[in-house]
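Subject: Handing over the structure

Hi,

As promised, here is the structure to look over.

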Amino acid sequence: MNKLIVIPIILGIAAIALSAMLIPEEPTESLSTPIYDSGFTYYDIEKIQNSLKEHDVFVSSPTAITDHTVSRYCTFFEKGLAKNVEYCTTTAVLDSNGNTIGNINIGGSTASPILAIVNLETDTLESDKEKTFAIFETVIQTLVCECWGEEESNFQSISDWIGAVHTFYNDSDKRNIKSKIDNLANTEIVLEITSMDSSVLQTLIILKHV
């Protein structure tokens with residue numbers, strides 16, 4: 001059985017301002033039913049699996065979480081409060097040697113998701129950097145759009161954005177940071193970097209807007 005890295009989204013990250021890239025959380029409007037009827041679906045994990053094979057990254061078949069442990073896998077913030085979903089699927093992300101480097105969790109209602117969470121834990125930001133970039137890029141392009149250059153003007157590419165967040169983390173003496181791209185193809189995208197005892201956790205969060 002593949003080892004699952006279960007890391008809650010509630011990390012106590014300090015939001016640090018860096019131009020338009022790093023900004024504090026703002027209250028959001030209440031989520032409503034239409035948000036489930038647009039954007040990505042649970043079936044998109046198959047596209048991610050197939051795309052990541054080209055990078056020697058393997059994603060396991062989804063495991064459904066419907067019991068009281070769902071909050072450990074899929075949680076998001078609304079108006080500063082942690083919110084749970086009723087249904088969540090989790091997959092293990094493995095490198096070519098079969099080592100687990102993270103998870104991809106997708107959650108919402110049983111019919112359609114509203115958020116996706118990618119947790120990747122490595123020794124340092126430089127460890128498996130090519131693979132982590134490929135995973136984040138693939139997830140964003142699959143679940144959000146391939147329109148980054150058309151709609152996001154602050155950074156020319158997804159890799160430019162991730163690289164800038166990495167640079168700011170290193171320049172900030174490895175403080176925990178959060179960077180948000182708001183309203184790209186009607187979604188909010190957040191990248192959090194958190195220092196662990198002997199590793200670094202990178203968490204990508206994709207949340208559908210109303």
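Below is what turned up, grouped by topic.

Before anything else: this is a predicted model, in which local features need pLDDT of at least 70 and side-chain atom pairs count only at pLDDT 80 or more, while totals for chains, interfaces and linings use all residues. Residues are numbered from 1 along each chain as its sequence is written, and side-chain values use heavy atoms, with hydrogens and water left out.

**The cores**

Let's start inside. A nonpolar core here is a set of buried Ala, Val, Leu, Ile, Met, Phe, Trp, Tyr and Cys residues joined through side-chain atoms within 4.5 Å. Buried is under 20% relative accessible area, exposed is over 50%, and partly exposed is in between (1.4 Å probe, protein chains only). The largest nonpolar core has 42 residues, and the members touching the most others are Trp161, Ile189 and Ile206. Apart from that one lies another core of eleven residues, including Ile65, Tyr73, Phe76 and Leu207.

What does Ile206 touch, leaving aside neighbours within four places in sequence? With contact meaning heavy atoms within 4.5 Å, its partners include Phe40, Ile114, Val139, Ile140, Leu143, Thr187, Glu188 and Ile189.

You'll find Ile140 in helix α2 (residues 129-143); helices (H or I, at least four residues) and strands (E, at least two) are DSSP runs, numbered from the N terminus. Ile140 has a relative accessible area of 0%, so it counts as buried. Not counting residues up to four places away in sequence, Ile140 touches Cys145, Trp148, Ile158, Trp161, Ile189, Leu204 and Ile206. Take Leu204: its C-alpha atom is 9.1 Å from that of Ile140, though the two are 64 residues apart along the chain.

**Rings**

How many aromatic pairs are there? The count comes to two, where rings of Phe, Tyr and Trp (its six-membered ring) pair if their centres lie within 6.5 Å, and planes under 30 degrees apart are stacked, over 60 edge-to-face and the rest tilted.

One of them is the edge-to-face pair of Tyr42 and Tyr87, at 5.3 Å centre to centre with 90° between the planes. Tyr42 sits in the segment before α1 (44-53) and Tyr87 in strand β5 (residues 87-94), so this pair ties together parts 45 residues apart in sequence. Tyr42 and Tyr87 are both buried.

Then there are Trp148 and Trp161: their ring centres are 5.6 Å apart and their planes are at 35°, so the pair is tilted. Trp148 belongs to helix α3 (residues 148-151) and Trp161 to helix α4 (residues 158-171), so the parts tied together are 13 residues apart in sequence. Both Trp148 and Trp161 are buried.

Also look at Lys208, which lies over the face of Phe40, 4.8 Å from the ring centre. The rule for that is NZ of Lys or CZ of Arg within 6 Å of the ring centre and within 35 degrees of the ring normal.

**Charges**

A salt bridge means a side-chain nitrogen of Lys or Arg within 4 Å of a carboxyl oxygen of Asp or Glu, and the count comes to three:

- Asp44 and Lys47 meet at 3.3 Å, N to O. They are three residues apart in helix α1, so about one helical turn separates them. Asp44 is buried, at 8% relative accessibility.
- Glu126 and Lys129 meet at 3.7 Å, N to O. Glu126 is exposed at 54%, and Lys129 is partly exposed at 31%.
- Lys178 and Glu192 meet at 3.8 Å, N to O. This pair links distant parts of the chain, with Lys178 in strand β8 and Glu192 in strand β9, 14 residues apart. Lys178 is buried at 8%, and Glu192 is buried at 3%.

**Backbone**

Most residues other than glycine have a negative phi. Asn183, in strand β8 (residues 177-184), has a positive phi near 65°. Ala185, in the loop between β8 and β9, has a positive phi near 50°. Asn183 is partly exposed at 47%, and Ala185 is partly exposed at 30%.

Cheers
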